[in-house]
Amino acid sequence: MNTAFLGLGAIGRPMAARLAAAGHTLVVWNRTRERAEQFARDTGAGVAVAASPAEAARNSDVVFTCFSTSRDVQSVLDGSDGLLAGLARGAVLVDCTSGDPATSKTIADALAARGVGFLDAPVSGGVSGAEKGTLTVMVGGDAAVLQAVRPAIEAFAGKIVHCGPVGAGDAVKAVNQAFLAIHLLAAAEGLVTLVKQGVDPKVALDVINASSGRSNSSMNLIPERVITRAFPKTFRLALLEKDIGIAAELARQNRVPSPVTQLTADLFRVARGELGEVADHVEVVKMVEQWGGAEIT
Ligand code: NDP
């Protein structure tokens with residue numbers, strides 16, 4: 001298929017590379033142009049760098065976006081350089097941003113008025129999943145539109161799930177991210193407590209990971225990134241703060257009493273303020289360690 005990929009950040013880069021490797025024609029655009037040029041150099045011949053979102057969209061059947069927020073996607077729609085100026089009738093915008101359902105619906109309506117399809121298609125599985133092409137893609141939008149663009153999405157997906165109408169993919173992603181944020185904080189609090197109680201955290205995890213309290217945080221993130229003090233930068237804490245904020249807002253809109261989600265959103269807002277914009281999400285554990293006065297090592 002003729003594809004375009006806009007947003008070559010931590011996860012967008014390997015997703016776009018999978019499209020090229022699968023043999024799709026690929027045009028890329030990135031706000032910081034040098035990153036797009038570097039990507040084209042790294043990926044090899046056949047990848048074109050567009051000067052604007054409009055240019056990237058022209059002649060593309062499927063345009064992928066993967067920005068920080070839905071608002072960022074909205075910001076590249078209008079104007080002579082914007083996506084709407086380049087997208088042809090019958091083309092489809094597949095937005096892989098972990099976005100918010102309301103903004104996705106607004107974007108979908110603007111595109112529908114031009115005969116352009118829209119899917120919200122956030123992903124999970126991290127940078128390593130993107131590199132291996134094993135991402136889980138949760139899709140909101142028309143099932144027939146998904147069917148048409150499925151071959152392109154398959155370039156980076158291990159699992160594609162149609163979740164419902166536009167916004168459903170974003171909603172499922174936000175709740176998944178809320179689980180991640182809650183599990184991470186809960187595991188950090190529990191393990192700092194055990195360290196201060198004199199228990200080796202590796203011994204504690206050996207038990208917990210064979211017991212009902214286990215989670216991705218206890219099984220993977222804490223052993224690989226906290227105990228080792230490696231804290232690799234793969235997914236910014238600022239983005240998880242955005243995600244849990246979307247989940248908290250969704251719960252409020254649906255009038256679901258959600259004290260755990262709301263408090264976690266507040267704690268991640270504090271963490272973002274304390275740790276800054278480039279910190280990785282797992283570094284929230286450092287805040288809990290500092291408050292508790294012990295490291296999980
Ligand atoms: P990064 O911060 O690494 O990259 C963000 C990308 O968005 C960059 O290409 C940036 O351009 C671009 N961008 C941001 N704002 C704008 C804007 N206003 N206009 C145009 N481009 C913009 O983020 P990630 O790649 O990590 O994440 C992207 C999305 O994927 C997020 O929604 C995130 O929540 C989600 N996600 C990330 C995962 C991960 O493991 N990293 C896992 C699953 C989902 P520039 O280069 O110019 O800054």
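This is a predicted model: local features need pLDDT of at least 70, side-chain atom pairs count only at pLDDT 80 or more; totals for chains, interfaces and linings use all residues.

Residues are numbered from 1 along each chain as its sequence is written, and side-chain values use heavy atoms, with hydrogens and water left out.

Of the 27 residues around the ligand, Ala10, Asn30, Thr32, Arg35 and Thr234 come nearest; a residue counts here if one of its heavy atoms lies within 4 Å of the molecule. An N or O atom in the side chain of Asn30 is 2.8 Å from a ligand oxygen. The backbone takes part too: an N or O atom of Ser98 lies 3.1 Å from an oxygen atom of the ligand, and one of Thr234 lies 2.9 Å from a ligand nitrogen. On its own the ligand has 900 Å² of accessible area (Shrake-Rupley method, 1.4 Å probe), and the protein covers 89% of it.

Now to helix H8, residues 143-153 (helices are DSSP runs of H or I with at least four residues, numbered from the N terminus). Its buried residues are Leu146, Val149, Ala152 and Ile153, where buried means under 20% relative accessible area and exposed over 50%, with a 1.4 Å probe and protein chains only. Why do they lie on the same side of H8? Because they cover an arc of only 95 degrees around the axis, taken from the directions from the helix axis to the C-beta atoms. The face turned away from that buried side carries the exposed residues Ala144 and Gln147.

Conventions. Helices (H or I, at least four residues) and strands (E, at least two) are DSSP runs, numbered from the N terminus. A polar contact is a pair of N or O atoms within 3.5 Å; within protein, one must be able to donate a hydrogen and the other to accept it, and residues adjacent in sequence count only if both atoms are side-chain atoms.
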